[in-house]
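Me: I've got a model open and I'd like to learn how to read it. Can you walk me through a few features?

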2 protein chains.
Amino acid sequence: MTEVQTPDLSPMSRPRTLAVVGASRSPAKLGHSVLLNVIRSGYGGRLYPVNPKEEQIENLPCLPSVTAVAERLRPERLDLAVLVVPPGAVLPVAEECGRVGTSTLIVITAGFKETGAAGLEQERRLVEICRRYGMRMLGPNCLGLMDTHTPLNASFAAGFPHQGEIAFISQSGALCASILDWSLSQGMGFSKFVSLGNKADLAEVDFIADAAADPHSRVIMAYIEDVHDGLRFFEVARAAGRRKPVVILKSGLSQAGARAASSHTGALAGSDRAYETAFRQAGVVRARTMEDFFDLASAFSHLPPPKGNRVVIVTNSGGPGILASDAVELAGLAMSSLQRETVDRLRQKLPAESNFYNPVDLIGDADAERYRYALRTLLDDPGVDSFLILLTPTASTHPTEVARVVSQVKREHPEVPMVAVFMGGASVEEGNRILLEAGVPSYFAPERAVAALRGVTDHALLRRRHEGEDVLQYPDLDGEAVARVFSAVRADHRLVLLGSEAAEVASAYGIPAAPTRLATTAAQAVRLAEAMGFPVVCKVASPKILHKTDIGGVKVGLDGAAAVELAFLEILENVHRHLGPVPVHGVEVQRMMPKGRECIVGMSRDRQFGPLVMFGLGGIYVNLLKDVSFRLAHGLTGAEIRSMISETKAYTLLRGMRGEAPADLEAVIDAIGRVARLSLDFPEIAELDINPLFSYTSGGSALDVKITIS
Amino acid sequence: MTEVQTPDLSPMSRPRTLAVVGASRSPAKLGHSVLLNVIRSGYGGRLYPVNPKEEQIENLPCLPSVTAVAERLRPERLDLAVLVVPPGAVLPVAEECGRVGTSTLIVITAGFKETGAAGLEQERRLVEICRRYGMRMLGPNCLGLMDTHTPLNASFAAGFPHQGEIAFISQSGALCASILDWSLSQGMGFSKFVSLGNKADLAEVDFIADAAADPHSRVIMAYIEDVHDGLRFFEVARAAGRRKPVVILKSGLSQAGARAASSHTGALAGSDRAYETAFRQAGVVRARTMEDFFDLASAFSHLPPPKGNRVVIVTNSGGPGILASDAVELAGLAMSSLQRETVDRLRQKLPAESNFYNPVDLIGDADAERYRYALRTLLDDPGVDSFLILLTPTASTHPTEVARVVSQVKREHPEVPMVAVFMGGASVEEGNRILLEAGVPSYFAPERAVAALRGVTDHALLRRRHEGEDVLQYPDLDGEAVARVFSAVRADHRLVLLGSEAAEVASAYGIPAAPTRLATTAAQAVRLAEAMGFPVVCKVASPKILHKTDIGGVKVGLDGAAAVELAFLEILENVHRHLGPVPVHGVEVQRMMPKGRECIVGMSRDRQFGPLVMFGLGGIYVNLLKDVSFRLAHGLTGAEIRSMISETKAYTLLRGMRGEAPADLEAVIDAIGRVARLSLDFPEIAELDINPLFSYTSGGSALDVKITIS
């Protein structure tokens with residue numbers, strides 16, 4: 001486990017003392033905007049503009065240097081210095097801040113890493129200064145930081161967000177500005193707004209951890225382009241996700257799968273896959289689009305966690321009801337199946353033409369009281385986990401009144417998630433406002449409402465599933481045997497293991513490799529075959545030969561000494577004829593195992609997140625079928641492996657198709673868990689493929705194990 | 001080919017003479033709303049309220065009956081009667097309308113099919129009256145019809161749309177009302193607005209055909225829940241789609257795949273699959289969600305068709321630029337690769353920190369002139385098919401000025417599709433308005449802009465692809481042989497063909513079935529094997545036995561008379577031992593074919609759209625892999641079959657993986673085309689599966705053909 005250190009960011013987000021270094025009287029300068037923003041946000045601590053050329057700015061006395069501020073404050077410390085000085089002045093000022101014992105810096109000034117090699121060197125020195133004095137720094141090259149509960153606007157943004165419960169963290173300053181502007185016109189509120197800039201010191205993880213502990217933040221939203229320490233990110237996000245929803249929008253999908261790899265697993269992994277896997281495993285909700293990002297934020301800040309995935313739809317029109325039902329099914333949620341008693345009660349008071357089953361259609365002339373009756377009745381049904389309330393404007397429907405009724409019912413049952421779609425323009429505007437105030441977010445289209453419900457439902461179910469899990473432990477591992485094999489391979493100046501070596505490694509970790517031994521003479525092949533028992537398979541042993549079958553390098557079903565001897569000779573002859581002087585280590589003799597259902601288990605190492613294990617449909621068409629799922633080996637639990645298996649079509653195969661008995665799922669889980677353990681224990685394993693792993697009704701067998709070390 | 005009849009709907013949408021039957025003075029009644037809507041819409045023809053109890057309504061003389069209107073009009077005819085009478089009066093009034101020679105009816109009155117059996121019977125009689133007098137009818141149970149160019153509002157809707165170029169047709173009246181309300185607040189315009197109601201006579205096809213011919217309609221949008229005549233719909237939509245974009249939102253996905261089926265193809269088809277296939281093949285753009293529906297409508301009404309799928313992104317901030325690039329790649333569009341000359345020209349005038357490659361980043365301090373320079377430069381690059389222009393508000397960016405510049409550039413190059421994302425709230429509002437007026441639709445998030453671009457791009461490429469296609473013809477078909485087999489099967493009181501019979505049918509249509517004959521004695525089996533040549537396969541012939549291999553019902557690789565004789569006896573013995581007295585027709589002797597790449601070709605019959613042919617990865621795991629694509633057999637062209645194949649992973653297999661030579665694609669195309677022809681020629685074929693179809697580097701072989709007739 002990576003140790004999760006959480007820096008104390010309170011001097012930065014709730015400073016008692018603050019200096020704006022580079023404060024300016026000129027409205028065109030950022031140093032002016034920042035000072036004005038601090039003042040206008042209602043900041044209540046001690047505030048000092050710093051500028052050697054000015055006496056006073058915005059009615060505040062201006063001090064000539066940070067040292068002067070420190071003298072004025074003594075014995076108190078300077079909690080936060082916001083730097084809006086020219087690029088060349090940043091390092092000296094930071095040094096001065098450090099000398100006088102400043103706790104934190106926000107460096108707004110740009111001109112560092114983003115400008116090239118010289119800037120990168122300046123940035124490196126800046127971080128060095130911070131480390132030397134134990135200062136923590138946000139930036140450089142950022143918009144700044146805002147906290148609506150302090151309150152503090154330490155940024156040059158053109159506005160200050162409404163107070164709210166969403167902590168927003170962004171690696172893009174432009175996105176911060178856009179979202180702030182947009183949120184002001186939408187009445188959306190935030191607890192914090194952090195522009196990360198170049199992340200030279202503090203990064204998204206630090207602010208995610210901070211927001212997780214912040215009582216004013218109920219939802220954490222982050223836009224990121226990369227993370228620097230994958231495993232720390234994973235631990236922090238997972239811990240945060242257990243306390244409150246973490247919604248992340250990550251860009252850079254297009255880099256996915258762009259790297260070359262020598263294994264199936266490596267080829268199917270790719271960098272976005274690692275992020276995707278880490279997010280899922282950490283319980284982070286990943287937004288796919290900007291729209292998703294906001295809909296999810298709105299959903300999480302308004303909706304309580306649903307008990308389950310069953311949705312009831314209440315509507316006053318058929319068409320939109322069907323569209324909503326489609327959306328529920330496509331999103332993987334379930335339509336509630338109503339109890340007989342519920343249906344009977346609906347039938348008692350609703351018009352005969354209504355639909356009493358889900359979607360419950362109150363028909364076109366429904367008034368607010370009809371909605372009230374239906375909602376209250378449905379709230380008594382234990383098969384309903386959440387509500388989607390639809391309204392289309394008709395002659396007899398009063399959207400505003402219906403909105404009031406929905407709000408009342410919601411207040412009586414705050415624990416039940418309700419979303420609404422009041423379709424239309426001007427005639428539903430007031431209703432939508434009333435709904436939102438009552439904690440019933442309202443969406444333009446059924447699909448968006450369903451997407452929001454799905455987000456909160458997935459998150460609630462995931463949290464429940466992951467409670468009280470333990471990382472798998474294996475007592476019977478022979479690490480020394482593995483290390484011995486790797487040493488021998490290195491001594492032989494190779495990085496790719498022979499099949500016999502890979503089988504030995506697998507066996508040492510309890511992975512059921514089919515017995516495989518290397519023979520360098522025909523006589524030895526016969527002795528090995530006799531020792532392991534007939535029938536056997538013989539394969540040419542050469543990491544250079546990819547498709548061994550195609551050149552006659554494999555002989556199967558050999559059931560006696562004579563057959564093995566002949567096979568040995570024929571294989572070497574075939575290889576020589578087809579490929580000429582290719583390096584051959586000998587012939588591998590493998591016990592011939594009964595055919596089982598073909599799976600693949602593999603491992604690929606990600607630069608950020610360490611080993612990723614893979615599972616899926618095996619065989620020669622793995623790359624064609626792409627039926628695979630991934631997990632980080634780090635902290636892998638049995639429940640995670642189960643869910644990983646269940647995401648694939650291979651799971652259907654293992655459960656038994658066409659009348660077959662189910663395969664031994666526990667054996668597959670065990671093999672995956674052991675591959676994960678092996679990958680964590682031996683960082684020198686770069687890639688590993690077991691393809692196929694034969695799965696039997698009892699046990700399994702790893703037929704072909706490929707291991708590459710680094 | 002189904003004959004496409006297009007009724008003349010001009011008397012309904014552009015009537016010179018109009019009667020509102022059931023017009024009322026009481027503002028609470030629909031008969032009042034409808035009359036008032038007609039008057040307020042500015043209708044310029046002759047208008048008669050009809051109500052025996054009134055003398056005058058809204059300053060118009062009121063006539064007692066339709067007959068009285070007809071007398072007043074003589075010798076002119078009554079073009080349109082809008083019926084807003086009680087349900088019981090609809091039939092007599094319709095009869096009267098017919099007698100006096102009325103051309104068209106809009107029946108707004110509800111209380112027909114939607115209320116149950118009695119209503120359905122009334123509706124049937126209403127249609128009978130219309131047919132008898134040659135009147136065409138919209139409704140009953142509809143909101144009515146609006147045409148902004150006539151102008152005419154013959155509906156009880158609470159508003160009249162802005163004039164525009166979108167024809168909107170909806171099977172849901174509630175959706176009509178919602179969309180109208182919403183469009184009024186958005187400033188979105190329509191040419192026509194049609195509420196279909198019960199579609200007792202006129203249906204979506206008629207109004208799609210009408211809108212296709214209407215010069216005021218540039219885009220056709222339809223919301224449908226079902227169609228009554230699939231093939232007519234297909235023909236009409238295809239013809240309309242060649243003239244202007246047809247965007248359809250169809251609900252009822254959840255019914256998909258709900259039916260039982262005895263073949264792979266049947267199980268993988270399902271009713272939504274048929275719609276999906278028909279839409280795609282007809283060139284209809286299918287909207288997945290309400291939001292899609294409107295974004296696509298807006299895109300098609302503003303954007304010219306792009307030349308290709310290459311998009312350039314111009315932005316003033318990095319993060320949103322990356323998000324947009326991700327969206328372009330995920331949508332299956334391509335990022336333009338800029339020419340060296342373009343990059344050099346950009347470099348000449350843009351700041352050094354800009355990104356000169358796609359996405360082109362003008363950086364945060366970009367002003368309007370910088371956008372102008374970049375856009376003009378990029379317009380000269382032949383590798384750019386469309387533009388996505390991003391802007392985030394910064395201190396030095398003026399969204400309104402940039403919008404003006406974009407609009408100017410767009411006016412200089414109206415033929416180039418441009419979409420914009422000006423991210424933010426109040427600060428970008430005016431800019432967005434200016435952009436929209438200039439024909440540059442602006443979206444809230446990059447993904448929505450990309451979805452719009454993708455819609456118009458797909459449609460443009462599809463149109464180009466389908467120009468000048470011919471339906472495949474096969475001269476060498478032996479229909480009589482097929483008919484003989486079917487007669488024999490029916491005479492034997494079966495619906496499922498034996499393998500030998502199915503092979504005979506396939507061969508008669510030139511599908512390369514492996515030679516397969518039925519033997520009822522061991523001696524006959526030997527004779528058949530000798531005639532077709534060794535080696536052969538023997539299989540038990542019984543439609544009742546599903547997994548023949550599992551019970552020892554199949555013997556392969558028989559290479560002599562003795563082996564065949566033994567196999568015959570063993571197979572019957574195995575079947576008897578495992579299954580007891582199951583009906584067995586004998587043993588099929590099949591020439592053993594070399595192994596090829598395994599595909600499946602199949603056919604399933606849809607109630608609406610006729611035979612659907614299927615292609616995909618074959619083998620025993622077809623239902624697990626679900627790697628299949630479908631086309632309607634009706635009007636199938638070679639280009640369609642090619643595109644069908646290219647949608648599957650099987651295509652990758654056929655092109656050659658792991659160093660294999662490509663398979664004979666033409667032979668696969670030929671087999672699919674012949675299956676389509678067979679299905680059209682013999683409507684009694686309910687389902688057909690060829691699995692596997694072995695594909696070789698030259699030719700192919702249908703190993704196992706299953707045919708069920710009805």
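Me: Where does Leu73(B) sit?

Reply: Helices are DSSP runs of H or I with at least four residues, strands are E runs of at least two, and both are numbered from the N terminus. Leu73(B) belongs to helix 3 (residues 66-73) of chain B. This is a predicted model, where local features need pLDDT of at least 70, side-chain atom pairs count only at pLDDT 80 or more, and totals for chains, interfaces and linings use all residues. Residues are numbered from 1 along each chain as its sequence is written, with chains lettered from A in the order in which they are written.

Me: Why does Leu73(B) count as partly exposed?

Reply: Count the other C-beta atoms (placed from the backbone) within 10 Å: 20 or more is buried, 12 or fewer exposed, in between partly exposed. Leu73(B) is partly exposed because it has 18 such neighbours.

Me: What does Leu73(B) touch, leaving out residues up to four places away in sequence?

Reply: Contact means C-beta atoms, placed from the backbone, within 7 Å. On that basis Leu73(B) touches Thr17(B) and Leu78(B). Arg46(B), 27 residues away in sequence, has its C-alpha 9.0 Å from that of Leu73(B).

Me: Is helix 2 of chain A mostly covered or uncovered?

Reply: Mostly covered: eight of the 11 residues in helix 2 (residues 30-40) are buried, among them Leu30(A), His32(A) and Val38(A). Their cover includes strand 1 (17-21) and strand 2 (46-50) of chain A. Just after this helix, Gly42(A) has a positive phi of about 90°.

Me: How many residues of chain A are in contact with chain B?

Reply: 56 residues of chain A, against 56 of chain B.

Definitions and conventions
Contact = placed C-beta atoms within 7 Å.
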